[in-house]
Amino acid sequence: YKMRRPDRSQTLPVFLFYTAFVCSYHIRLYIQAVPVGTDRTKTPNEVNTMIKCICFVKAKPGQTEEEFKNRWLNDHAQFAASWKNIKNYKVCLPIPEAHGKSGQGRLFDGVGILVWDTYEEMMEDYDSERGKAGVDDAYQFMDVAMNLFCEEHVIK
């Protein structure tokens, strides 16, 4: 079974649309979704959820996949791993066999997932000196970083 590559005529305009709004800097979105049956008088942090930052990342032009992978896993990841409040940090990198060796047709070269218990803890980490240094470091080897800050609601 061979995975079908996405139709680039549809994915490229979507990619360009989002990158136009990113302007090579960090987007901070905070989505407040309230699960069905939740007491709507409670604030989002009183509901049993976790706060996540899901980072969709594209490598800077000219980097090999191996250089990008090593830079993210061995250098950059140490910033988030040292933050005071972070509970979990995952880096998800593409499977070459699923996308082809050249990576053509991929909108992103990786996804980072950072997890906190509360929005306030997340903001404390990002506003810290170490947090600011981590954001600055990301733009040394990442060309595009679109971040979705959201609440996780486990369904199953």
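Predicted model: local features only at pLDDT ≥ 70, side-chain atom pairs only at ≥ 80, totals over all residues.

Residues are numbered from 1 along each chain as its sequence is written, and side-chain values use heavy atoms, with hydrogens and water left out.

The protein chain has five helices and five strands, where helices (H or I, at least four residues) and strands (E, at least two) are DSSP runs numbered from the N terminus. Read from the N terminus on, the elements follow the order α-β-β-α-β-α-β-α-α-β. Of the 156 residues, 36% count as buried, a term that means under 20% relative accessible area, with exposed meaning over 50% and partly exposed the range in between (1.4 Å probe, protein chains only). Contact means heavy atoms within 4.5 Å, and among contacts between residues at least 6 apart in sequence, 81% join residues at least 24 apart.

Helix H4 (residues 119-127) has Met-122, Met-123, Asp-125 and Tyr-126 as its buried residues. These cover an arc of only 160° around the axis, which puts them on the same side of H4, the arc being that of the directions from the helix axis to the C-beta atoms. An α-helix has 3.6 residues a turn, so residues three or four places apart point the same way. The cover over the buried residues of H4 includes strand S2 (50-59), strand S4 (110-116), helix H5 (129-141) and strand S5 (142-152). In H5, the buried residues are Gly-131, Gly-134, Val-135, Asp-137, Ala-138, Tyr-139 and Phe-141, and what covers them includes S2, H2, H4 and S5.

Strand S5 is itself mostly covered, with eight of its 11 residues buried. S2 and S5 run antiparallel and are joined by 10 bridges, where two strands pair if DSSP finds at least two bridges between them; Lys-58, for instance, has Val-144 in S5 as its bridge partner. Glu-152 is also found in S5, and at 23% relative accessibility this residue counts as partly exposed. Leaving aside neighbours within four places in sequence, Glu-152 is in contact with Thr-49, Met-50 and Lys-52. Glu-152 and Val-115 are 37 residues apart in sequence, and their C-alpha atoms are 9.3 Å apart in space.

Grid points are joined across faces, edges and corners, and a volume is the space filled by probe spheres set on the points. A search of the whole structure finds one cavity of 30 Å³ or more, and the largest cavity has a volume of about 210 Å³. Of its 19 lining residues, Cys-55, His-76, Leu-114, Tyr-126 and Ala-138 are the closest to the centre, and the elements that give two or more residues to this lining are S2, helix H2 (65-81), S4, H5 and S5. The lining divides into 14 nonpolar, five polar and no charged residues, where Ala, Val, Leu, Ile, Met, Phe, Trp, Tyr, Cys and Pro count as nonpolar, Asp, Glu, Lys and Arg as charged, and the others, Gly among them, as polar.

Conventions: 1 Å grid on protein atoms, 1.4 Å probe; cavity = no way out; pocket = protein on both sides within 12 Å on 5 of 7 lines; lining within 4 Å.
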